[in-house]
Amino acid sequence: AWKESDIRLKQKKTIDAEYQRIMDMEIQHWRRVLKRIMSIRLLASQCLAFRGTTKHLFQPNNGNFLKLVDLVSEFDPVISGEFNANLINGLRLI
């Protein structure tokens, strides 16, 4: 039994291997999303205000940070897909 378990672990054929693969994909996805959002360092380097009068994406007067996230989402499929999936719920980032 132990040798069989050892062989399965080495071949990545365990019972939860599929779940682990899905979890790894999810982790990579969220790392890519966070990497893109954190890449908006322009605001801090230029001493610009982050917040606006509203806290929702795609609305007027939502601040410099959310406007830049909105701009990035127009050209980046990772961010765009994430925001389109959550847009129905009134996505709130702050």
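Q: Where does L68 lie?
A: L68 sits in helix α4, which spans residues 64-75; helices here are DSSP runs of H or I with at least four residues, strands are runs of E with at least two, and both are numbered from the N terminus. This is a predicted model, in which local features need pLDDT of at least 70 and side-chain atom pairs count only at pLDDT 80 or more, while totals for chains, interfaces and linings use all residues. Residues are numbered from 1 along each chain as its sequence is written, and side-chain values use heavy atoms, with hydrogens and water left out.

Q: And what is L68 in contact with, leaving aside its neighbours within four places in sequence?
A: With those neighbours set aside, L68 is in contact with I40, L42 and L43, where contact means heavy atoms within 4.5 Å. For I40, which is 28 residues from L68 along the chain, the separation between the two C-alpha atoms is 7.3 Å.

Q: What about F65, what does that one touch?
A: Not counting residues up to four places away in sequence, F65 touches I37, I40, L43 and F50.

Q: Which residues make up the largest nonpolar core?
A: There are ten residues in that core, namely V33, I37, I40, L43, L57, F65, L66, V69, V78 and I79. A nonpolar core is a set of buried Ala, Val, Leu, Ile, Met, Phe, Trp, Tyr and Cys residues joined through side-chain atoms within 4.5 Å, with buried meaning under 20% relative accessible area, exposed over 50%, and partly exposed in between (1.4 Å probe, protein chains only).

Q: Which elements give two or more residues to this core?
A: Those elements are α2 (17-38), α4 and α5, and the largest share, three residues, comes from α4.

Q: Changing topic, how many salt bridges turn up in the whole structure?
A: A search of the whole structure finds two, a salt bridge being a side-chain nitrogen of Lys or Arg within 4 Å of a carboxyl oxygen of Asp or Glu. One of them pairs D76 with R36, with the closest N and O atoms 2.3 Å apart. That pair links distant parts of the chain, since D76 is in the loop between α4 and α5 and R36 is in helix α2, 40 residues apart.

Q: Is D76 buried or exposed?
A: D76 counts as buried because its relative accessibility is 14%, whereas R36 is partly exposed at 25%.

Q: And how far apart are the closest N and O atoms of D6 and K10?
A: They are 3.4 Å apart in that salt bridge. D6 and K10 are separated by about one helical turn, because they are four residues apart in helix α1 (residues 2-11). D6 counts as partly exposed at 38% relative accessibility, while K10 counts as exposed at 66%.
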